[in-house]
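My entries follow in the order I made them.

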Amino acid sequence: MANITKKVSWSSRADESGAAAERTPLLNGSEPARVSRQLSAGGSLFHIGRLSTVDLEEEMTPDEDSLRGRPKEIPHNEKLLSLKYESLDYDNSENQLFLEEERRMSYMGFRCLEISRWVICGLIGFFTGLIACFIDIAVEELAGLKYQVVKENIEKFTEVGGLSISLILWAVFNAAIVMLGSIIVAFWEPIAAGSGIPQIKCYLNGVKIPRVVRLKTLLVKVGGVICSVVGGLAVGKEGPMIHSGAVIAAGVSQGRSTSLKRDFKIFEYFRRDTEKRDFVSAGAAAGVSAAFGAPVGGVLFSLEEGASFWNQMLTWRIFFASMFSTFTLNFFLSIYHNKPGDLSNPGLINFGRFESDSMAYNLYEIPLFIAMGALGGFLGACFNVLNYWLTIFRIRYVHRPCLQVMEAMLVAAVTATVSFTMIYFSTDCQPLGPDHNEEYPLQLFCADGEYNSMATAFFNTPERSVRSLFHNPPGTYNPLTLGLFTLTYFFLACWTYGLAVSAGVFIPSLLIGAAWGRLCGILLASISASDSIWAVPGKYALIGAAAQLGGIVRMTLSLTVIMVEATGNVTYGLPIMLVLMTAKIVGDYFEEGLYDIHIKLQSVPFLHWEAPATSHWLTAREVMSSPVTCFNRIEKVGTIVDVLSNTSTNHNGFPVVVHVSDNDEPAKLCGLILRSQLIVLLKHKVFVELARSRLTQRKLQLKDFRDAYPRFPPIQSIHVSQDERECMMDLTEFMNPTPYTVPMETSLPRVFKLFRALGLRHLVVVDDSNRVVGLVTRKDLARYHLGKHGLEELQLAQT
């Protein structure tokens, strides 16, 4: 990614002209970044929403130059953080209402809640498996119909001439199907574009991505991915299953659908971010399990994204959801294949069985595997860089829905044209034996009894092409066919990822790596003087697939287990682990992973596990936002309404303070209250005067807050009369009386660790007298995460 060096600082309000806060594009680039900039009085300072930037390459005045040494404004090599994202409340607000409810609950009540959690995880696995089964059957039937029609047309015009008609038919089929899938994404639900994995990573990280776990998103995701795969794009259907599982989990665990406006009055206790996050983790794991038949890999995938939130019982529940998901998919697919009870289809992609006798590896091959891992890391970095610049281009020029649909149709037509051209000019003809595995063999200009080997890779679904590269016997492909296929499919997959369609990058990555990996196996076998074939092409295709996928997505632990489970042979555990580690190390040297790039392009305040290595010289004093808007424990309603209505700040958490004496000493911290809680209090008019007069006043319960969750009404929808503005509101019962606090001299790494490990949304900074001096939020920490180049500049600024 380009090293755009900026200096970032927070201002207390937006620019005086009232320019709107920045609008950040979606991950697929469906919405352009529209940034309003206004020159300040200083002449060189630009205001963007609440962020201000100074280009370090510009000439600075002495006053501005003196700011270089201030830790509050450090060089920053990422895009400005978007103001439209909020953090999730992963830390329970232990106010009086919460504690009273917990204390009233009996032991049997807690046991019933635990049983409900297991039931929900079972339902998550069941529905995720059903969705995966529906996608697999729909893709197989529709793609089979399309390829059969095109195959018959090609065979017809091969004999009589006029193959250009077959090309047009293939391109029109692809473009029409992809157009349908792109329309529902671009016009109906843009957040359903792509695989959805970056969004789920952000959700588990603690960022609320708008509309990411809604029913409408699930419907568009399922329909979109079917159209994308059937339309012949260089995509896979496995990645979107992770997003689909997360949406199912978010819906089932809440016992209602806000989209359908139906409340089933069940699972009401789980209507809060803490519980919902755990179920979304189970849904993501169930999606991985359904996609790859890897329940343990699904658990580890969720573990990598939210390890600090885990406990033993949660791990077991997630594993239960994963196992139930793959079992459900297995069971219904066995019925579809007329083999009830034959549970041999654990996931959407089946790598086939890798037998130990024919696919064993030797100790001297491990250095070769590591070298292939390095090559995969380099190719993955090239893929990510190209895709980054394509996404930048889309953000700037292809931001209208109609243009996005046209681009998707263009890519579909080009993919069909390139595929047809490669097949047409290929001379790689292989004998068609009685035990061939080709689903749609094309003879074209080959002799009778032979088929075009290039068509096996292009004229097929990506999953079948991967399986053929893994298991077809030696001699099935010649090196030129594999080399040309790798080159063309690499660029097609890079161009495709980021379109306004629902699609994943797992299978294209595996297919690219399997092609060049098999090529490496053929070349090694050709230079070997031994008569025995030790470099089995299928074995090196597997290693190449792992290397390419690891080089693009940079997953290590979970991806190792996923690959081992998908192959059904633990023998390859060590080589795959070494390959993925090498691919990540080499790839990280050049560029970040694909998902991290798209998260940054969306300007999400994503927190990594560790603070920058050279950040110990920064303290909470420099990181925090100040001054802080605080409320008194008994506050005037008009003051609360004015603060919540102030669009220039739009704060979501407010420290509550109390004056310990009648003199003018500063107030001390006594709690913390959220914007959502205040809105519910205003909606139900929980005012002191009404409570005293007993006028239509009942005691507020946690159920009132859960009923409003997660779409709390905006402050503009709350009507407060002029008389009510003069009333007082007692926050004692509803505030969190024990918020997490740190002194001003706490180092940034310690603040970062507390914030990340505990899943905090707000961290109050206090002085020695427990007086509020600042507030640390996710955005305050995310802007200090620097890349490889930024760390060098951070050290330079330190001097």
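**Entry 1: helix α13.** I worked on a predicted model. I began with the buried side of α13. I listed Gln-404, Val-405, Glu-407, Ala-408, Val-411, Ala-412, Thr-415, Ala-416, Ser-419, Phe-420, Met-422 and Ile-423 as buried in this helix. Next I asked what the buried residues of α13 pack against. I found the helices α3 (107-160), α4, α12 (366-397), α14 (453-458) and α16 (479-496), along with the strand β10 (450-452). I also checked the length of α13.

**Entry 2: α13 against α4.** I took one partner of α13 and looked up the geometry. Helix α4 covers residues 163-188 and α13 covers residues 401-425. Their axes are 8 Å apart, and the packing angle is about 150°. The cut-off for roughly antiparallel is over 145 degrees, so α4 counts as roughly antiparallel to α13. I noted the crossing of α4 and α13 as right-handed.

**Entry 3: α3 against α8.** Helix α8 spans residues 273-292, and its axis comes within 9 Å of the axis of α3. The two axes cross at roughly 35°. I noted this crossing of α3 and α8 as right-handed. Which residues make the contact? From α3 I wrote down Arg-117, Ile-120, Cys-121, Ile-124, Gly-125, Thr-128 and Ala-132. From α8 I wrote down Glu-275, Phe-279, Ala-282, Gly-283, Ala-286, Gly-287 and Ala-290. The contact of α3 with α8 divides into 8 nonpolar, 4 polar and 2 charged residues.

**Entry 4: helix α16.** I went back to α16, which packs with buried residues of α13. The 18 residues of α16 reach 25 Å from first C-alpha to last, close to the 26 Å expected at 1.5 Å a residue. I listed its buried residues as Thr-481, Leu-482, Phe-485, Thr-486, Thr-488, Tyr-489, Phe-490, Leu-492, Ala-493, Cys-494 and Thr-496. They pack against α12, α13, α14, α15 (462-471), α17 (506-527) and α18.

**Entry 5: Ala-545.** I picked a position in α18, the helix of residues 537-553. Is Ala-545 buried or exposed? Its relative accessibility is 0%, so Ala-545 counts as buried. Setting aside residues up to four places away in sequence, I found that Ala-545 touches Phe-470, Ser-509, Leu-510, Gly-513 and Ala-514. The C-alpha atoms of Ala-545 and Ala-514 are separated by 4.4 Å, although the two residues are 31 apart along the chain.

**Entry 6: Cys-727.** I found Cys-727 in the loop between α27 and β15 (728-730). Cys-727 has 12% relative accessibility and therefore counts as buried. Leaving out residues up to four places away in sequence, I noted that Cys-727 touches Glu-635, Lys-636, Val-637, Phe-687 and Glu-689. Cys-727 and Glu-635 are 92 residues apart in sequence, and their C-alpha atoms are 8.7 Å apart.

**Entry 7: backbone checks.** Most residues other than glycine have a negative phi, and most peptide bonds are trans. I looked up exceptions. The peptide bond from Ser-626 to Pro-627 is cis, with omega near -5°. Pro-627 lies in the loop between α22 (620-623) and β11 (631-632). The bond from Tyr-709 to Pro-710 is also cis, with omega near 0°. I placed Pro-710 in the loop between α26 (702-708) and α27 (722-725).

For positive phi I noted two asparagines. Asn-338 has phi near 60° and sits in the loop between α10 (312-336) and α11 (356-359). Asn-338 is exposed, at 68% relative accessible area. Asn-770 has phi of about 65° and lies in the loop between β17 (762-766) and β18 (772-777). Asn-770 is partly exposed, at 31%.

**Entry 8: whole chain.** I ended with the totals. The protein chain has 30 helices and 18 strands. Of its 799 residues, 57% count as buried. Among contacts between residues at least 6 apart in sequence, 78% join residues at least 24 apart.

Terms used: Residues numbered from 1 in each chain as written. Predicted model: local features only at pLDDT ≥ 70, side-chain atom pairs only at ≥ 80, totals over all residues. Heavy atoms only, no water. Axes fitted to C-alpha atoms, helices over the stretch in contact; angles between N-to-C directions. Helix = DSSP H or I, 4+ residues; strand = E, 2+ residues; numbered from the N terminus. Parallel < 35°, antiparallel > 145°, perpendicular 65-115°, else oblique. Left-handed = near helix turned anticlockwise from the far one by under 90°. Buried < 20%, exposed > 50% of the residue type's maximum accessible area, 1.4 Å probe, protein only. Contact = heavy atoms within 4.5 Å. Nonpolar A, V, L, I, M, F, W, Y, C, P; charged D, E, K, R; others polar. Expected span 1.5 Å × (residues − 1).
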